[in-house]
Each structure stands twice: as C-alpha cells, then as structure tokens.
Amino acid sequence: MVNVWLPTMAGAVAALMAVLVLWPLRHHGRKGFFVGVLALGVAGTCLYVLVGDPRAAQLKPAATVATLHDGVQALQDALKRDPQRADGWALLGRSQAELGDAPAAAAAFARAAALAPDDPGVLVEAAQARAQADPGKQFDDTAVAWLQQARSLAPDAERASWLLGIALRQRGRNAEAADVWSSLLPRLEPGAAQALQAQIAIAREAAGQSAEATVAAAPALLQVRVQLPAMKAAEWPASTQVFVLARAVGGPPMPVAARKLPLAGFPPTVGLGDADSPMPTAPLSAHREVEVLARISRSGSANRSEDDLQSVPVKVSLPHEGVVELRFP
C-alpha cells in the first residue's frame with residue numbers, strides 16, 4: 001500500500017512532497033509518475049526539481065534552491081531504498097547539476113549509465129557531466145566510450161556527435177573529429193551547418209589535411225557601423241583590436257557572434273553572420289533579438305580589462321535591415 005502525504009504546504013515544501021508522495025508510483029512506469037505530479041497540483045515546482053525545467057518554477061531564487069535541496073535529499077533517500085532505478089539516478093544527476101555540484105552530478109550519472117548502458121540519452125548526459133566535473137573540462141576515456149556507445153545506439157544523436165567531436169579535438173585527433181562532425185551536417189539547419197563547416201575546416205587544417213571543407217562565408221545577418229571615438233594613434237599600441245559582438249538579450253555575456261579586427265585600418269562596416277558564431281549549434285540566426293556592441297581592447301584580448309572602451313549596446317531584432325550604428329559614450 002502506498003503512503004500518500006498530501007499536506008497543504010506550498011512553496012519550498014512542494015518539491016519535497018512530490019518526491020515523497022510520487023516516488024512509489026515509479027513501479028507503474030515513468031508516465032504514471034509524471035501524471036501523478038500533475039494531478040497533485042505541484043507541477044510547477046516538481047518539474048523544475050524532477051526534469052530541470054526552470055520555466056515551470058515560479059519561486060524566488062533562494063526558495064527554489066532550498067526546494068531543490070529538499071527534493072534532492074528526498075530522492076537520495078529513496079534511491080538508498082531502491083538503488084536499481086537508472087531513471088532515478090539520472091534525475092538526481094540533473095538536480096545536482098542544477099545545484100552546481102558537478103562532482104555529485106557526475107557520480108549520479110555514472111550510476112545511471114551503469115544501470116542503463118543501452119540508453120543513449122543517459123550515456124550522453126553522463127559523459128557531459130563527467131567532463132563538467134573535470135578541472136580541465138576534459139572528456140576522459142570513460143566519457144569518450146559512453147559517447148561512442150551512444151552514437152552506435154543512436155547514429156542520429158546530434159548531441160552525442162557534437163560532444164564526441166569536441167572530445168576528439170581535445171585529444172588532438174582532429175581528422176576523426178572532422179569526420180564525426182561532418183556526419184552531423186545533413187541534419188542541421190543551414191545556418192548551423194554553415195557554422196559547423198567552419199569548425200570542420202579548422203579541425204582538418206589542424207590535422208594537416210586539405211582545407212577544401214571550408215565553404216564561402218555565410219551571408220551577414222547584421223551590418224554594423226562603429227563610430228570610433230576620437231583617439232590619438234600614439235596612445236594606442238599596435239596590438240589594439242576592436243571586437244564587434246552580438247549577444248543574447250538577457251542571456252549570458254558570451255557572444256552569439258563575434259568579429260575581431262585590428263584598430264588600424266578598421267573597416268567602415270562589419271558584417272556578423274552564422275559563421276561568426278562561437279557555438280555552431282546556437283548560431284546567430286537562431287536568435288530573434290540580440291544586443292550589439294563594440295569593444296576596443298588595448299591588449300587585443302577577448303577578456304575585458306579596465307583600459308578597454310565599450311560602446312553603448314544597441315538592441316535589434318532579427319532579421320534586421322539596414323545598418324546598426326554603434327557609438328562610444
């Protein structure tokens with residue numbers, strides 16, 4: 001008989017109650033488990049705790065963290081009683097990753113991978129968690145083996161191929177990385193494929209192969225005109241570079257497209273396109289709105305320093321017609 005605790009608590013206690021109440025339903029399959037979550041009316045917080053979907057949680061950050069900690073503890077207790085649930089360990093891994101505990105997430109996913117060696121999704125998550133827990137963010141032999149197994153089980157698994165290519169590049173196996181990434185091209189959107197082709201060309205060049213894989217640059221999605229401030233040439237070293245960046249509005253500081261050009265002879269306009277995206281799987285064209293800015297770096301480094309000058313950011317929608325004008329304060 002299943003013991004069901006259904007107090008009228010809310011907020012921080014909701015996820016804990018969900019785990020305690022609904023975990024016994026796991027014997028009826030995943031579908032019954034998650035239908036139970038919805039039926040209890042705690043779907044918002046529970047989905048955040050159980051599948052890591054932040055859109056489902058409406059709690060304040062501090063409360064959310066506290067709730068997730070409670071849910072993780074309850075899930076750990078349940079797994080002590082029934083440690084053979086691969087889905088439970090994967091769930092724990094996602095929750096630990098959400099809490100920022102990379103070693104604990106890697107350990108949980110390792111248990112999941114051992115229990116579900118034929119589940120490509122679990123293997124990919126386990127490999128990524130293992131690399132995140134490594135101080136150098138390296139994919140070790142175990143992680144590479146998991147990714148290779150995932151690809152053999154699901155040849156169309158894009159994430160497995162992308163991560164395996166990164167792992168091979170880390171090991172200097174550039175030609176193999178290029179071959180793995182090339183298998184992705186037919187399944188990608190044109191913009192993402194274009195950006196990935198540039199990475200493939202870099203890998204082939206590093207392997208000493210012909211750079212025939214390099215394709216013509218993708219058309220620019222943004223034309224940017226930077227009005228440089230009045231500067232005396234003698235005040236700026238030869239190493240000075242101008243970075244023209246586009247980043248997601250309200251997102252992380254990492255740009256979704258970037259160009260680096262020397263201050264000397266800086267062109268009237270600069271184009272930004274998918275080929276300038278640092279992540280082929282998240283090209284510029286995948287964003288509806290971006291923030292465009294320019295930064296002048298004395299050292300030429302991508303890392304911002306106090307001596308740098310930065311323009312006033314301009315928010316634009318994509319696709320964008322005309323020229324984005326950037327000015328320095």
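Visitor: What is F139 in contact with, leaving aside its neighbours within four places in sequence?

Guide: In this predicted model, F139 touches A127, Q128, A131, V144, L147, L163, I166, A167, Q170 and R171, with neighbours within four places left out. Contact here means heavy atoms within 4.5 Å. Residues are numbered from 1 along each chain as its sequence is written, local features need pLDDT of at least 70 and side-chain atom pairs 80 or more, while totals for chains, interfaces and linings use all residues. Side-chain values use heavy atoms, with hydrogens and water left out.

Visitor: Which residues touch the most other members of the largest nonpolar core?

Guide: F139 is one of them, along with L92, L147, W181 and L196, in a core of 43 residues. A nonpolar core is a set of buried Ala, Val, Leu, Ile, Met, Phe, Trp, Tyr and Cys residues joined through side-chain atoms within 4.5 Å. Buried means under 20% relative accessible area, exposed over 50%, and partly exposed in between (1.4 Å probe, protein chains only). Two or more residues of this core come from each of α4 (61-81), α5, α6, α7, α8, α9, α10 (174-182) and α11 (190-206). The largest share, seven residues, is from α7. A second, separate core has 25 residues, including V226, L284, V290 and F328.

Visitor: How do you know that the span of helix α7 agrees with what it should be?

Guide: Helices are DSSP runs of H or I with at least four residues, strands are runs of E with at least two, and both are numbered from the N terminus. The expected span is 1.5 Å times one less than the number of residues. Helix α7 has 14 residues (120-133) and should therefore span 20 Å; its end C-alpha atoms are 20 Å apart, which agrees.

Visitor: Which residues of α7 are buried, and what covers them?

Guide: The buried ones are V122, L123, V124, E125, A126, A127, A129 and A131. Their cover includes α5 (86-98), α6 (102-115), α8 (141-153) and α9 (158-170).

Visitor: Why is K137 called partly exposed?

Guide: K137 has 43% relative accessibility, so it counts as partly exposed. K137 sits in the loop between α7 and α8. Its phi is positive, about 55 degrees, although K137 is not a glycine.

Visitor: What makes the pair Q310 and R304 a polar contact?

Guide: The term asks for a pair of N or O atoms within 3.5 Å; within protein, one must be able to donate a hydrogen and the other to accept it, and residues adjacent in sequence count only if both atoms are side-chain atoms. The side chains of Q310 and R304 are joined at 3.2 Å. Q310 itself lies in strand β6 (residues 309-310).

Visitor: What kind of peptide bond joins L318 and P319?

Guide: A cis one, with omega about 0 degrees. P319 belongs to the loop between β7 (314-317) and β8 (323-327).

Visitor: Where does pLDDT stay under 50?

Guide: One such stretch is residues 1-60, and another is residues 212-217. pLDDT is the predictor's confidence in each residue, from 0 to 100. The chain's mean is 77, and 75% of its residues reach 70 or more. Where pLDDT is low, the predicted coordinates should not be read in detail.
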